[in-house]
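The following exercises are to be worked with the sequence and the model at hand. Each task is followed by a solution in steps.

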Amino acid sequence: MAPKTVIAFDAYGTLLSTASIASKLAAHFGQEKASSVAALWRRYQLEYTWRLTSMGKYEPFSTLTRRSLLHAVAEHSLSLSDSDVDDLMTAYDSLSIFPDVSGCLTSLQNKSDISAVVFSNGTKEMVANSVHKSPDLSPYASTFQDIVVVEKVKKFKPAPEVYWHLAEQVGLGKNQMGKLWLVSGNPFDIVGARTVGMQAIWVDRDGKGWIDQLAADDKARPTAVVKSLEEVVGIVEKTVPSS
């Protein structure tokens, strides 16, 4: 039987700080350039997923992560050896968590009426390594009932098929999307989830408010906006039926 309520946490940019890889890049390029390379790496990582999906093609997220690193480095007129790239890819499996992750996941550990999963563009290997082996996230691995990735669908967020796949994996049908909550710091992910009828909480850590203008329909806007993940459980609990 499907749980009453499922919270699906996006990994990269929500639980894990992609900017934190700059600490590893700094050993090669210095801190200032490292921060710029890290930001561009993330930009091209996402851009590659959107371009492939729009072309009806698919390659694993690990491949795109490696290629987008090379793109970002080349754009800065810098270079890395193959072994340096391998080391950075390994380090990507141990990205730092955001400061608000610990409190949120701790509060979920005793919530029998809420099930938490990780839902990511990443490969199963990448995300499993982060959840089970990274120093920051592994202490909370038992909080998650499952890791749901897009490899079987061969499309990336925000394609509708990936959210339907998430529903299927947690035992829900397309007509039950409203029982699913996405928590993400990525606006494109929020719009994708809302478009298929999911509930979605946008994590606005910068406090800028919702400014994404792609979807004019209010139904594509976040169900709720929070500045910290520690607000998430309280919002979702208000929707959980009393047992």
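**Exercise 1. Describe how helices α3 and α4 pack against each other.**

Step 1. The axes of helix α3 (residues 61–75) and helix α4 (residues 82–92) come within 11 Å and cross at roughly 125°. Helices (H or I, at least four residues) and strands (E, at least two) are DSSP runs, numbered from the N terminus. Axes are lines fitted to C-alpha atoms, for helices over the stretch in contact, with angles from 0 to 180 degrees between N-to-C directions.

Step 2. This angle makes α3 oblique to α4, because angles under 35 degrees count as roughly parallel, over 145 as roughly antiparallel, 65 to 115 as roughly perpendicular and the rest as oblique.

Step 3. On the α3 side, S62, T65, R66, L69 and L70 meet V85, D86, L88, M89 and Y92 of α4. Contact means heavy atoms within 4.5 Å.

The model is predicted: local features need pLDDT of at least 70, side-chain atom pairs count only at pLDDT 80 or more, and totals for chains, interfaces and linings use all residues. Residues are numbered from 1 along each chain as its sequence is written, and side-chain values use heavy atoms, with hydrogens and water left out.

**Exercise 2. Carry out the analysis for α2 and α3.**

Step 1. The axes of α2 and α3 come within 8 Å, crossing at roughly 130°.

Step 2. The two helices are therefore oblique to each other, and α2 passes α3 in a right-handed crossing.

Step 3. The residues of α2 that meet α3 include W41, Y44 and Y48, and those of α3 include F61, L64 and H71.

**Exercise 3. State how the chain is divided and what the largest nonpolar core draws on.**

Step 1. The chain comprises domain 1 (5–16 + 95–239) and domain 2 (20–93), with bounds from an automatic or database domain assignment.

Step 2. Taken over C-alpha atoms, the domain centres are 23 Å apart, and 21 residues of domain 1 are in contact with 19 residues of domain 2.

Step 3. The largest nonpolar core has 87 residues, and F9 and L25 have the most contacts inside it. Such a core is a set of buried Ala, Val, Leu, Ile, Met, Phe, Trp, Tyr and Cys residues joined through side-chain atoms within 4.5 Å.

**Exercise 4. Is S130 buried or exposed, and which residues surround S130?**

Step 1. S130 lies in helix α6 (residues 124–133).

Step 2. With a relative accessible area of 1%, S130 is buried (buried means under 20% relative accessible area, exposed over 50%, partly exposed in between; 1.4 Å probe, protein chains only).

Step 3. Neighbours within four places in sequence aside, S130 is in contact with Y12, L16, Y92, D93, L137 and S138.

**Exercise 5. Characterise the backbone at S77 and at P158.**

Step 1. S77, in the loop between α3 and α4, has a positive phi near 60°. S77 counts as exposed, at 69% relative accessibility.

Step 2. The peptide bond from K157 to P158 is cis, with omega near 10°; P158 lies in the loop between β3 (144–149) and α7.

How values were computed. A crossing is left-handed if the near helix is turned anticlockwise from the far one by less than a right angle, and right-handed if clockwise.
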